[in-house]
Amino acid sequence: VQLQASGGGLVQAGGSLRLSCAASGRTLSRYSMGWFRQAPGNEREFVAAISRRGGITDYADSLKDRFSISRDNAKNTVSLQMNSLKPEDTAVYYCAASLSFGSLAIMYGYWGQGTQVTVSS
């Protein structure tokens, strides 16, 4: 499966962004999906995950009050709604696909190219 993330950009602190991940090549419903992010000099970190049918979600503890993951298998897309953004949310955001549900990056065998999110103070 090929993944294409989009929707990043520059936003002021307190603003919102909605990231999208479009899949091609295989039906997205075969996979659990996740979002990860990586800031300069930092390790890639887990943001959110959603099960194949969307019935189960998981979030990084520090983000669950502000971020929301969803999916539309009919459209082969996964989204990440990010609200009340903070400068520390600045990072490259990656969508990823896995045959298993979880928060570990090593579980994800397919990755998109990443989309830059920059939050100004």
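Which residue does a disulfide join to Cys-21?

## Disulfide

A disulfide, defined as a pair of cysteine sulfur atoms within 2.5 Å, joins Cys-21 to Cys-95, with an S to S distance of 2.1 Å. The structure holds 1 disulfide. About the S-S bond of Cys-21 and Cys-95 the torsion is about 65°, so the disulfide is right-handed. Cys-21 lies in strand E3 (residues 17–24) and Cys-95 in strand E9 (residues 91–98), so the pair ties together parts that are 74 residues apart in sequence. Strands (E, at least two residues) and helices (H or I, at least four) are DSSP runs, numbered from the N terminus. Both Cys-21 and Cys-95 are buried; buried denotes under 20% relative accessible area, exposed over 50%, and partly exposed in between, with a 1.4 Å probe and protein chains only.

## Basis of the model

This is a predicted model, in which local features need pLDDT of at least 70 and side-chain atom pairs count only at pLDDT 80 or more, while totals for chains, interfaces and linings use all residues. Residues are numbered from 1 along each chain as its sequence is written, and side-chain values use heavy atoms, with hydrogens and water left out.

## The open sheet

In the order E1-E3-E8-E7, 4 strands form an open sheet with antiparallel pairing. Strand E1 (2–6) and strand E7 (67–72) stand at the edges, each with a single partner strand, so one side of each is left without a neighbour in the sheet. Neighbouring strands of this sheet are turned by 15° against each other on average, direction ignored; axes are lines fitted to C-alpha atoms, for helices over the stretch in contact, and angles run from 0 to 180 degrees between N-to-C directions. Strands of a sheet pair through backbone hydrogen bonds, either parallel or antiparallel. Two strands are counted as paired if DSSP finds at least two bridges between them.

The pairing can be followed strand by strand. E1 and E3 pair in the antiparallel sense over 5 bridges, and Leu-3 stands opposite Ala-23 in E3. E3 and E8 pair in the antiparallel sense over 6 bridges; here the disulfide residue Cys-21 stands opposite Val-78 in E8. E7 and E8 pair in the antiparallel sense over 6 bridges, with Ile-69 opposite Leu-80 in E8. E7 and E8 also form a hairpin with 4 residues between them, and Asn-76 in the turn has a positive phi of about 55°.

## Salt bridges

A search of the whole structure finds 4 salt bridges, each being a side-chain nitrogen of Lys or Arg within 4 Å of a carboxyl oxygen of Asp or Glu. Side chains of opposite charge can pair when their charged atoms come close. Arg-37 forms a salt bridge with Glu-45, the closest N and O atoms being 2.5 Å apart. Arg-37 is buried, with a relative accessible area of 7%, whereas Glu-45 is partly exposed at 37%. Arg-37 forms a salt bridge with Asp-89 as well, at 2.9 Å between the closest N and O atoms. This pair links distant parts of the chain: Arg-37 belongs to strand E4 (residues 32–38) and Asp-89 to the loop between strand E8 (77–82) and E9, 52 residues apart. Asp-89 is buried, with a relative accessible area of 0%.

Asp-61 and Lys-64 also meet through their side chains in a salt bridge (3.5 Å, N to O). Asp-61 counts as exposed at 60% relative accessibility, and Lys-64 as partly exposed at 46%. Salt bridges that share partners join Arg-37, Glu-45, Arg-66 and Asp-89 into one network.

## Surroundings of Ser-98

Ser-98 is found in strand E9 and is buried, with a relative accessible area of 1%. A polar atom of the Ser-98 side chain lies 2.7 Å from the backbone oxygen of Ser-100. Leaving aside neighbours within four places in sequence, Ser-98 is in contact (heavy atoms within 4.5 Å) with Tyr-31, Ser-32, Met-107 and Tyr-108.

## Gly-54

Gly-54 is found in the loop between strand E5 (45–50) and strand E6 (57–59). At 29% relative accessibility, Gly-54 counts as partly exposed. Gly-54 and Gly-25 are 29 residues apart in sequence, and their C-alpha atoms are 20 Å apart in space.

Key:
Polar contact = N/O pair within 3.5 Å; in protein donor to acceptor, adjacent residues only side chain to side chain.
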